Structures are given as structure tokens and as C-alpha cells.
Amino acid sequence: MALRSILIHPDPRLKTAADPVASVTDDVRRLADDMLETMYDAPGIGLAAPQVGILKQMLVMDCVKDDAEPPRPMVLMNPEVTWASDETNVYEEGCLSIPEQFADVERPASVEVRWMDLDGASRTERFDGLWATCVQHEIDHLRGKLFIDYLKPLKRQMITRKMVKLKREKARA
């Protein structure tokens, strides 16, 4: 396993729709392991392949926050929301590609998602609460959409300017 570099917005790869994963290979399994390690190290609760520069429809997530509970790392390939509740939740979202920036985003409170797992099998699960928010946020990444795209233009521009400044400072360091 290896830590991968996380792309920082603005980067054109973060706004590009990812291609489906055709089959589960050793490279795909290695990428999944690297993404989980990178996500935990960041630390975060979700990470999509485009965030590490790989334009494939793969995401990892683990929304277990209670140290008393065992971690629940998940790898979802080619995920799609097959059902969404009418009820919505508002969560203050952040993103590893938009560090230290947070904003309230409204999304369906529950979603059902179908995906391919690391064995190549089709899986379906209903997610609620933080899990639902996380999986929708990460699926958005696979479509080239960021959480700031839900914000008003002025707020989105302000965050983008901060990220441009952050990238300039990192480049100088």
C-alpha cells in the first residue's frame, strides 16, 4: 500500500466525469488499498479515484467515527443511486480536495446504491445519515461535481480563490 497525493481544487481532473471500472484486476485492488490508506491518513471518511488523479468510477469510504466500533472500509466501483428519499438532511460538508473549507449541503437523507465490489459482484445497500451524505458526495466526484457546486456563486468563487492561493503557497514551499 502507498499513500497517494490528493488533488486540490481547482484541477481539471476534479471536474471530469470518470470512466467505469471494466473489471477487477490486481491494479484495481492495489488502487483500492492505496485509496483507503490515503483516506485514513488524510484523515477523511471518503475518497474518490479522481481525487488521486485516476479517472475511474471507484470510491472508498468509512463513516465509522466511534472508536468503540470496528472500522467499516468500503470500496464501491461504478456506483449508482437507484433510489433516494424525499426527506432531506443538511450536513456541513468538507472535502479532502478542498481542505479546511466547509459548507452546508442539502441532500436526500437516505439513498439506495448499487455497485460492483472487489470480487466483481453486484451489491446494493441503503445508506442513511452520514453514510448517505458521504456516498452521494463521493459519487458526485465520479461525475465531475464538487460540494461547492451546490453553493451560491459568490461563496463558490471565494472558496476557489482560497484554494488557488493555497496551491500557490504549496508550490513555493
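**Rings, strands and cysteines**

Mentor: R126 lies over the face of W83, at 3.9 Å from the ring centre. A charge sits over a ring if NZ of Lys or CZ of Arg is within 6 Å of the ring centre and within 35 degrees of the ring normal.

Trainee: What should I know about the model and the numbering?
Mentor: The model is predicted, so local features need pLDDT of at least 70 and side-chain atom pairs count only at pLDDT 80 or more, while totals for chains, interfaces and linings use all residues. Residues are numbered from 1 along each chain as its sequence is written, and side-chain values use heavy atoms, with hydrogens and water left out.

Trainee: Which ring does the charged end of R72 sit over?
Mentor: That of W131, with the charged end 5.3 Å from the ring centre.

Trainee: How many aromatic pairs does a search of the whole structure find?
Mentor: Two. Rings of Phe, Tyr and Trp (its six-membered ring) pair if their centres lie within 6.5 Å; planes under 30 degrees apart count as stacked, over 60 as edge-to-face and the rest as tilted.

Trainee: Why is the pair of W115 and F127 tilted?
Mentor: Because the planes are at 35°, with the ring centres 6.1 Å apart. This pair links distant parts of the chain, twelve residues apart: W115 is in strand β6 (residues 110-116) and F127 in strand β7 (residues 122-128). Strands (E, at least two residues) are DSSP runs, numbered from the N terminus.

Trainee: And F127 with W131, why stacked?
Mentor: Their planes are at 20°, so the pair counts as stacked, with centres 6.4 Å apart. W115, F127 and W131 form one aromatic cluster.

Trainee: Are F127 and W131 buried or exposed?
Mentor: Both are buried, meaning under 20% relative accessible area; exposed is over 50% and partly exposed in between (1.4 Å probe, protein chains only). W115 is buried too.

Trainee: Switching to strands, how do β4 and β5 run?
Mentor: Antiparallel, with seven bridges joining β4 (residues 88-95) to β5 (residues 98-108). Two strands pair if DSSP finds at least two bridges between them. β4 and β5 form a hairpin with two residues between them, and T88 has P108 as its bridge partner in β5.

Trainee: What about C95?
Mentor: C95 is in no disulfide either, and its nearest cysteine sulfur, that of C134, is 10 Å away. C95 is buried, with a relative accessible area of 11%.

How values were computed: Helices (H or I, at least four residues) and strands (E, at least two) are DSSP runs, numbered from the N terminus. A disulfide is a pair of cysteine sulfur atoms within 2.5 Å.
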